[in-house]
Amino acid sequence: MSDRSLRGMRLGAQSMETETGVEPAPRQDVEYVCEDGEKITVTFASDAEIPATWTATSGKVGVLAQGDRPDAEPEKPARTHWDMLLERRSTEELEEILQDRLKILRERRGEKV
């Protein structure tokens with residue numbers, strides 16, 4: 001029985017197909033340059049839309065080596081907690097809530113209201 005066992009084939013681990021007659025899709029290499037001069041080469045399909053910027057694995061952002069620099073997008077001002085609070089409540093409502101909470105806090109401390 002031991003002389004009839006299957007040997008040498010890792011079923012499912014390797015494909016039995018060959019690459020003969022297989023043509024890869026047409027591709028193009030696009031180069032991006034970071035501010036510090038680092039060059040990033042990215043491979044895209046030939047019909048893909050090429051982005052103006054690309055973030056490298058190091059976290060640096062590169063712009064197309066050949067082409068115009070993209071226009072800087074205007075930055076939104078950061079929304080603070082106060083701004084978000086004012087979107088939900090008026091100043092009068094906030095003043096009333098503050099007085100209520102201060103009253104509760106003073107009562108807990110044993111202060112006269």
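Guide: Accessible areas come from the Shrake-Rupley method with a 1.4 Å probe. The model is a predicted one. Its protein chain exposes about 10900 Å², and carbon and sulfur atoms supply 49% of that area.

Visitor: What share of the residues in the protein chain is buried?

Guide: Of the 113 residues, 9% are buried. The term requires under 20% relative accessible area.

Visitor: What pattern does the protein chain follow along the sequence?

Guide: The pattern reads β-β-β-β-α-α, with 4 strands and 2 helices in the chain. Among contacts between residues at least 6 apart in sequence, 19% join residues at least 24 apart.

Visitor: Why is the pair of K60 and E38 called a salt bridge?

Guide: The closest N and O atoms of K60 and E38 are 2.9 Å apart. The cut-off is 4 Å between a side-chain nitrogen of Lys or Arg and a carboxyl oxygen of Asp or Glu, so the pair qualifies. In general, side chains of opposite charge can pair when their charged atoms come close.

Visitor: Where in the chain do K60 and E38 lie?

Guide: K60 is in the loop between β3 (53-55) and β4 (61-64), while E38 is in the loop between β1 (27-34) and β2 (39-45). The two are 22 residues apart, and the pair links distant parts of the chain.

Visitor: Why does K60 count as partly exposed?

Guide: The relative accessibility of K60 is 33%. Partly exposed lies between under 20% for buried and over 50% for exposed, so K60 falls in this class.

Visitor: What makes R109 and E111 a salt bridge?

Guide: Their closest N and O atoms are 3.8 Å apart, and the limit is within 4 Å, so the pair counts. R109 is exposed because its relative accessibility of 59% is over 50%. E111, at 38%, is partly exposed. Elsewhere, salt bridges that share partners join D36, E38 and K60 into one network.

Visitor: How many salt bridges does the structure hold?

Guide: The structure holds 4, including that of E87 with R79, whose closest N and O atoms are 3.0 Å apart.

Visitor: Which residues form the negative surface patch?

Guide: E92, E93, E95, E96 and D100 form the patch. Membership requires over 30% relative accessible area and no salt bridge.

Notes
Residues are numbered from 1 along each chain as its sequence is written. This is a predicted model: local features need pLDDT of at least 70, side-chain atom pairs count only at pLDDT 80 or more; totals for chains, interfaces and linings use all residues. Side-chain values use heavy atoms; hydrogens and water are left out. Patches are made of residues with over 30% relative accessible area and no salt bridge: like charges are joined within 9 Å, nonpolar side chains (Val, Leu, Ile, Met, Phe, Trp, Tyr) within 5 Å. Lys and Arg count as positive and Asp and Glu as negative; His and the chain ends are not counted. The place of a charge is taken as NZ of Lys, CZ of Arg, CG of Asp or CD of Glu. Buried means under 20% relative accessible area, exposed over 50%, partly exposed in between (1.4 Å probe, protein chains only). Contact means heavy atoms within 4.5 Å.
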